[in-house]
Amino acid sequence: MLNAPRGFDPGGFLTFDLARGTIRTAGSDSPALVVPATVVAGLATAPTSGEALGVLARALGESIGTALRKGPATSGDPLGASPEAFLTHLNGLLAVHGLGRLSIETFGDVLLVRAKETPLGEPAGATFLESLAAGILGAFLGEEVRCLSVGDAGKPAVLVASAGAIDLAAGWKRTGATAEEIAARLCRETRGDGGAA
Amino acid sequence: MTPQTAERKRKLDALLGRIRSNRERIGATWPAAAQAAPADIDSAITEKLYEFRRPAPATIAGAVPAAPAPSQPAARPAMDRAGPQKAAYEAAEVFRPADSAPPPLPTTVVTPAPPAAVVREAPPASRFEGLPPLQAPVIRVAGAVVPEPPRTIGGILRAALRVGASR
């Protein structure tokens with residue numbers, strides 16, 4: 001007796017852990033990502049292969065930041081949304097892409113973006129997170145945003161600040177300063193600069 | 001034994017008699033028969049004759065019924081009574097029941113599941129608010145005293161971008 005043809009059963013192939021923002025595929029321990037095809041196509045414009053990861057992460061971040069700006073949480077006035085609403089929906093979008101979770105910390109006006117469950121380990125993880133955050137926040141604000149990876153492998157984080165402050169922080173980072181030390185020092189030394197700080 | 005059966009047996013016996021008388025001719029076309037005992041040959045021929053007159057299996061449309069004996073209408077095979085022989089020959093060309101479904105096309109075997117089944121594990125975007133596992137966002141203010149902490153995400157981000165802007 002011939003067996004009846006059976007279709008492909010996708011059950012269990014993809015596992016979305018929305019609490020942690022991770023995606024797993026069956027039979028693999030490596031985190032998976034959901035990446036729009038246009039983002040992958042954008043790799044063709046990367047000047048060098050070493051910069052391809054940053055190009056991909058920034059484009060992916062811009063895709064998420066644009067969606068966030070147009071999303072239901074920020075209807076009408078995206079920049080007027082509360083930080084809680086912003087992060088709730090940002091983390092929802094990050095979760096379905098397998099990008100982990102983000103939270104923010106402020107030291108005065110200095111802003112640190114913390115990451116958990118990042119899909120890539122070091123050293124690629126720092127570059128990826130730095131470009132991803134810059135893409136998300138830049139697209140959300142509608143202007144160029146500079147970020148600097150200041151965390152370590154156990155506590156990934158990026159600093160969000162002006163270009164001058166980023167250059168300053170990069171020097172402190174090379175001396176081995178932690179993310180908290182950089183943020184607090186930047187807060188002290190730039191007080192009175194620019195706006196409210 | 002009914003009169004019809006007796007008559008049939010008599011005709012078969014007569015037929016067997018004629019076959020026995022031509023045993024040498026049978027042996028010319030069936031070499032094994034020349035070595036077989038006469039009783040075995042009679043048994044084999046009788047079996048073939050009954051098999052020849054047995055109604056063809058109904059599931060094989062191509063079986064050609066035996067020619068009916070005019071004097072024995074009750075012994076005709078069922079296939080012969082079912083319809084004209086022309087129909088049976090037409091059906092023989094396909095060797096399957098005429099009303100059977102055509103064989104499945106290969107495309108039905110390899111057609112993948114519809115896309116909806118692939119994404120069924122991903123919740124729709126509109127459910128982001130209702131996801132209980134999502135933790136409350138963390139906003140922590142530390143370090144220097146902030147006179148008027150920004151309360152909107154736009155205010156927080158724009159203030160951060162002004163840090164060190166004059167340097």
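What follows is a short exchange about the two chains and how they pack.

Mentor: Before you start, this is a predicted model, where local features need pLDDT of at least 70, side-chain atom pairs count only at pLDDT 80 or more, and totals for chains, interfaces and linings use all residues. Residues are numbered from 1 along each chain as its sequence is written, while chains are lettered from A and ligands numbered from 1 in the order in which they are written.

Trainee: In what order do the elements of chain A run?

Mentor: Helices (H or I, at least four residues) and strands (E, at least two) are DSSP runs, numbered from the N terminus. Chain A has 6 helices and 6 strands. Starting at the N terminus, they come as β-β-α-α-α-β-β-α-β-β-α-α.

Trainee: What percentage of chain B is buried?

Mentor: Buried means 20 or more other C-beta atoms within 10 Å of a residue's own, exposed means 12 or fewer, and partly exposed is in between, with C-beta atoms placed from the backbone. In chain A, 44% of the 197 residues are buried. For chain B, with its 9 helices and 1 strand, the share of the 167 residues is 7%.

Trainee: At what angle do α2(A) and α4(A) cross?

Mentor: Two packed helices are described by the angle between their axes and the distance between the axes. Axes here are lines fitted to C-alpha atoms, for helices over the stretch in contact, with angles from 0 to 180 degrees between N-to-C directions. The axes of α2(A), residues 52–70, and α4(A), residues 124–141, come within 6 Å, and the crossing angle is roughly 35°.

Trainee: Which residue in the hairpin of β3(A) and β4(A) takes a positive phi?

Mentor: That hairpin has 2 residues between its strands. A phi near 70° belongs to Gly108(A).

Trainee: Is Glu117(A) buried, partly exposed or exposed?

Mentor: Glu117(A) sits in the loop between β4 (110–116) and α4 of chain A. Its phi is near 55°, a positive value in a residue other than glycine. With 17 other C-beta atoms within 10 Å, Glu117(A) is partly exposed.

Trainee: Which elements of chain A do the buried residues of α9(B) pack against?

Mentor: α9(B) covers residues 153–162, and its buried residues include Ile153(B), Ile156(B) and Ala160(B). Contact means C-beta atoms, placed from the backbone, within 7 Å. Not counting residues up to four places away in sequence, Ala160(B) touches Asp109(A), Val110(A), Leu111(A), Val160(A) and Ala161(A). The buried residues of α9(B) pack against α3, β3, β4, α4 and β6 of chain A.

Terms used: Two residues are in contact if their C-beta atoms, placed from the backbone, lie within 7 Å. Two strands pair if DSSP finds at least two bridges between them.
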